[in-house]
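Please report on the fold, the helix packing and the charged pairs of this protein. Keep it brief and give the cut-offs.

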Amino acid sequence: MNMTTGRRGIVWKTPDITADGLKMFACITMLIQTVGIAIIEKGLIHLDQYTQESLNQAMSQDSRLMTLAGIGSIMQLIGGMAIPVFAFLLVEGFRNTSDYKKYLITMVITALVSEIPYDLAFSGRWMDAQHQNVCLTFFLALVAMELLERYGNGIWEKLVLTAVFCTLTEAAGADGGAWGMGLVLAFYFCVIGNSGTN
C-alpha cells in the first residue's frame with residue numbers, strides 16, 4: 001500500500017493495484033452489465049418490443065418501468081468500465097506471455113465456449129451470427145498485435161494494420177467493434193512507447 005503525506009501532515013493511504021485486482025473489478029462490472037441487459041432489459045422490460053418513442057410513452061405512464069429502465073441504464077454504464085480494463089490486461093498479457101500460441105488458443109476456446117451463453121443472454125437464440133462476444137474482439141486484437149510486432153515497422157504499416165483490424169472487427173459483429181479494437185491497439189502503442197521497443 002502506497003502512502004503520501006498531504007500539506008497538513010495527513011497521511012493518505014492508496015491501495016496497491018494488482019493485475020488480479022483489475023481482473024476481479026472487470027469481471028464484476030461486466031457481470032453487472034450482463035445482469036442489466038439479460039435480466040432487466042430483456043427479461044423484465046422486454047426492451048426489444050419498444051421503439052424509443054413507445055418506451056418513453058410507456059415510462060411516463062408506468063413508474064415501475066421507468067425505475068427498471070433507469071436501473072438497467074446505470075448497470076450498462078457500470079459495465080462499460082470493464083472493456084478498457086480488459087483491453088489493458090490483454091496488452092499486458094500479450095507483452096509478457098512466454099507462449100503466444102497458447103495465449104491465442106486459450107482466447108479462441110474462451111470465445112467459443114462463451115458464445116452460446118452470450119447469444120442466449122443478448123438475443124434469446126442459441127446462435128446469433130450477427131453478434132459475437134467480446135472474446136472475438138480480443139482474439140482478433142491478439143492477432144493484430146502479433147502482426148504489428150512483425151510488420152509494423154513504420155507509421156503507415158501501423159495505420160494500415162489498425163484500420164484493417166478495426167474494420168474486420170466491426171464487420172464480424174464482435175462486441176466492442178472498431179471502438180474495442182481501437183482501444184486495445186491504443187494501449188498497445190502506449191506500451192510500446194513507454195518500453196522504447198518497436
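Arginine 150 is exposed, at a relative accessible area of 53%. Here, exposed means over 50% relative accessible area, buried means under 20%, and partly exposed lies in between (1.4 Å probe, protein chains only). The areas come from the Shrake-Rupley method with a 1.4 Å probe; for residues, only the protein chains shown count as cover. This is a predicted model: local features need pLDDT of at least 70, side-chain atom pairs count only at pLDDT 80 or more, and totals for chains, interfaces and linings use all residues. Residues are numbered from 1 along each chain as its sequence is written, and side-chain values use heavy atoms, with hydrogens and water left out.

**Salt bridges**

Arginine 150 pairs with glutamate 146 in a salt bridge, 3.0 Å from N to O. A salt bridge is a side-chain nitrogen of Lys or Arg within 4 Å of a carboxyl oxygen of Asp or Glu. Both residues lie in helix H6, four residues apart, about one turn of the helix. An α-helix has 3.6 residues a turn, so residues three or four places apart point the same way. Glutamate 146 is buried, at 17% relative accessible area.

By this rule the count comes to two salt bridges. In the other entry, glutamate 149 meets arginine 95, with the closest N and O atoms 2.9 Å apart. Glutamate 149 sits in helix H6 (residues 134–151) and arginine 95 in helix H4, so the pair ties together parts that are 54 residues apart in sequence.

| Residue | Relative accessible area | Class |
|---|---|---|
| Glutamate 146 | 17% | buried |
| Arginine 150 | 53% | exposed |
| Glutamate 149 | 31% | partly exposed |
| Arginine 95 | 26% | partly exposed |

Helices (H or I, at least four residues) and strands (E, at least two) are DSSP runs, numbered from the N terminus. Helix H3 covers residues 63–79, which is 17 residues. The expected span is 1.5 Å times one less than the number of residues.

The buried residues of H3 are Leu65, Leu68, Ala69, Gly72, Met75 and Gly79. Seen down the axis of H3, they fall within an arc of 125 degrees, so they line one face of the helix. The arc is that of the directions from the helix axis to the C-beta atoms. Ser63 and Leu77 are exposed on the other side of H3. Cover for the buried residues of H3 includes helix H1 (19–45), helix H2 (52–61) and helix H4 (82–96).

Aspartate 62 caps the N-terminal end of H3. One of its side-chain oxygens lies 3.0 Å from the backbone nitrogen of arginine 64.

Buried residues in H4 include Phe86, Leu89, Leu90 and Phe94.

**A buried loop residue**

Glutamine 132 lies in the loop between helix H5 (100–123) and H6. Glutamine 132 is buried, at 16% relative accessible area. Leaving out residues up to four places away in sequence, glutamine 132 touches Glu115, Tyr118, Ala172, Gly173, Ala174 and Asp175. Contact means heavy atoms within 4.5 Å.

**Whole protein**

The protein has eight helices and two strands. From the N terminus on, the elements run β-β-α-α-α-α-α-α-α-α. Buried residues make up 34% of the 198 residues. Among contacts between residues at least 6 apart in sequence, 64% join residues at least 24 apart. The protein exposes about 12300 Å², and carbon and sulfur atoms supply 65% of it.

Note on methods: Polar contact = N/O pair within 3.5 Å; in protein donor to acceptor, adjacent residues only side chain to side chain.
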